[in-house]
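Dear colleague,

Please find the structure below, handed over for your use.

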Amino acid sequence: MAKSLLPPHKLSPASKAMVKKVIDFVRKNDNFLVSGHVRSDGDALGSQLAFHHLLKKLGKKSQVVCDQGALPDYRFLPGSDKVGAGPEDLAKKYSAVFTFDSGSWERLERISAALPRKGLTVVNVDHHASNERFGDLNWVDPSFSACGEMVWELVKAAGVKPDRNIATCVYTTIVTDTGRFSFSNTTTETHLNAAELLAFGVKPGEIHNALYRQRTKEQLAFLAEVLGRIKFSEDGQVGWIVISKELEQKTGTTPGDTQEYIDHVKSIKGVRVAVLLKETDEPGKVKVSWRTNAGIDGIALASKYKGGGHPRASGATFRGTLEEAERVIVDETIQFVKGIPA
Ligand SMILES: [Mn+2]
C-alpha cells in the first residue's frame with residue numbers, strides 16, 4: 001500500500017500525559033459542572049458542549065452553565081438550548097468543575113463568584129498562553145488553535161464513537177478561533193482535525209451559514225457605523241475603534257460579537273496593531289481588545305491591565321471612562337509599536 005502523504009498528528013508528551021490524566025479523572029467522578037469564560041464564544045461554548053456530549057456517552061451526568069449562557073450566535077450548536085446562563089441555574093452539588101477556554105478562574109465571572117473554589121475540584125482545560133493555572137488539574141497547551149481541539153483529543157482518547165453533535169461543536173470551535181482558518185494559529189494539526197471532523201458528519205457550509213450568514217439589517221447598519229469611525233495613528237501603524245453605549249442607542253442594536261470589527265481594522269494595509277475599546281454595561285469598565293502582527297506581543301500589552309489571551313489576539317478590562325481608555329490605551333499601544341521594527 002502506498003504510504004500516506006498526510007503528516008501524522010503531533011501531540012506533545014506533556015499533553016499526551018494530561019489527556020490520560022483527565023480521562024482517568026472523568027472515569028472516577030460522576031457529576032460535573034461544565035463551564036467556560038463569560039459570554040462564551042464559539043470556542044468556549046463549543047468546547048463545553050462537545051465535552052458535555054462526550055460525558056453523556058461515558059454515562060456521566062453534567063450540566064453546562066456559563067455566565068450569559070448560550071449567546072444567540074451559537075444557538076445552532078447541539079445542546080445549546082439547555083445551557084444555563086448564571087448562578088441561578090447551578091445545581092447544588094458537583095463532584096468537579098471543568099472550565100474550558102478560560103485563562104483565569106475569575107473569567108467565569110458570576111459562575112466562579114458563586115462557587116466555593118476551595119471545596120471544589122477544578123479541571124482547567126485551555127490554550128491561552130497567559131492561563132493562570134488555577135485548577136487542581138491544569139491542561140494548558142497554547143499549541144492548539146482552539147480549545148475545542150483539546151476536547152477532540154479527549155473524545156479520541158476516551159474510546160467512544162464520535163457523533164455528529166460532538167463533531168459539529170468541535171468544528172465550530174476551530175472555525176471561530178482560527179478566523180475561518182486564516183489566523184496565524186492555523187496549523188497542519190488544525191486541518192487534520194477539521195478533516196477528521198468532516199468524517200463524522202460535519203457540514204462546513206451549514207456551520208458557516210449558521211455562524212456568518214444570519215445577520216439582521218440592524219447589525220449591518222451597526223457595522224457600517226463602526227467602520228465609519230475607525231481612527232489611525234499618524235504613521236498608520238495603529239488603528240482603533242471605540243464602541244460606546246451611545247452608538248448602541250443611536251442604532252437601536254447591540255454589537256454582539258465584536259471580533260469582526262477589530263478584524264476589519266486589522267485588515268487595513270499597514271496596520272500592525274488593531275485596538276477595540278468597548279464601553280460595557282458596568283460604568284467605569286471598558287473592554288479592550290488587541291490584534292497584532294507577528295513580533296508584537298499582545299499579551300504584553302494586555303498584562304498591564306491584568307488581561308491576557310494569545311500573542312496575536314489579547315484582551316483586558318480598563319477601569320475608567322471610555323475617553324480615558326481611548327487616550328491611555330491608544331497612546332501606550334502606539335509607543336509599544338514604535339519600539340518594534342516592522
Ligand atoms: Mn479559544
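Two strands are taken to pair if DSSP finds at least two bridges between them. Helices (H or I, at least four residues) and strands (E, at least two) are DSSP runs, numbered from the N terminus. Residues are numbered from 1 along each chain as its sequence is written. Please note that this is a predicted model: local features need pLDDT of at least 70, side-chain atom pairs count only at pLDDT 80 or more, and totals for chains, interfaces and linings use all residues.

The sheet

Five strands form an open sheet with parallel pairing, in the order E2-E1-E3-E4-E5. Strand E2 (61–64) and strand E5 (137–140) each have a single partner strand and stand at the edges, so one side of each is left without a neighbour in the sheet. On average, neighbouring strands of this sheet are turned by 15° against each other, direction ignored. Within the sheet, E1 pairs with strand E3 (residues 96–100) in the parallel sense over five bridges, and Ser35 stands opposite Thr99 in E3. Helix H1 (residues 13–28) packs on the sheet, where it touches strand E4 (122–126) and E5; the direction of H1 makes about 140° with that of E5.

The helix pair

Helix H2 (residues 42–57) packs with helix H5 (residues 164–177) at an angle of about 160°, their axes being 8 Å apart. H2 is therefore roughly antiparallel to H5 (angles under 35 degrees count as roughly parallel, over 145 as roughly antiparallel, 65 to 115 as roughly perpendicular and the rest as oblique). Axes are lines fitted to C-alpha atoms, for helices over the stretch in contact, and angles run from 0 to 180 degrees between N-to-C directions. Residues making the contact include Gly46 and Ala50 of H2 and Cys169 and Val170 of H5; contact requires C-beta atoms, placed from the backbone, to lie within 7 Å.

Individual loop residues

Arg39 has a positive phi of about 50° although it is not a glycine, and lies in the loop between strand E1 (31–36) and H2. Arg39 counts as partly exposed because it has 17 C-beta neighbours inside 10 Å (20 or more other C-beta atoms within 10 Å make a residue buried, 12 or fewer exposed, and numbers in between partly exposed, with C-beta atoms placed from the backbone). Lys306, also not a glycine, has a positive phi of about 60°. Lys306 is exposed, with 11 other C-beta atoms within 10 Å.

Yours sincerely

Conventions. Contact = placed C-beta atoms within 7 Å.
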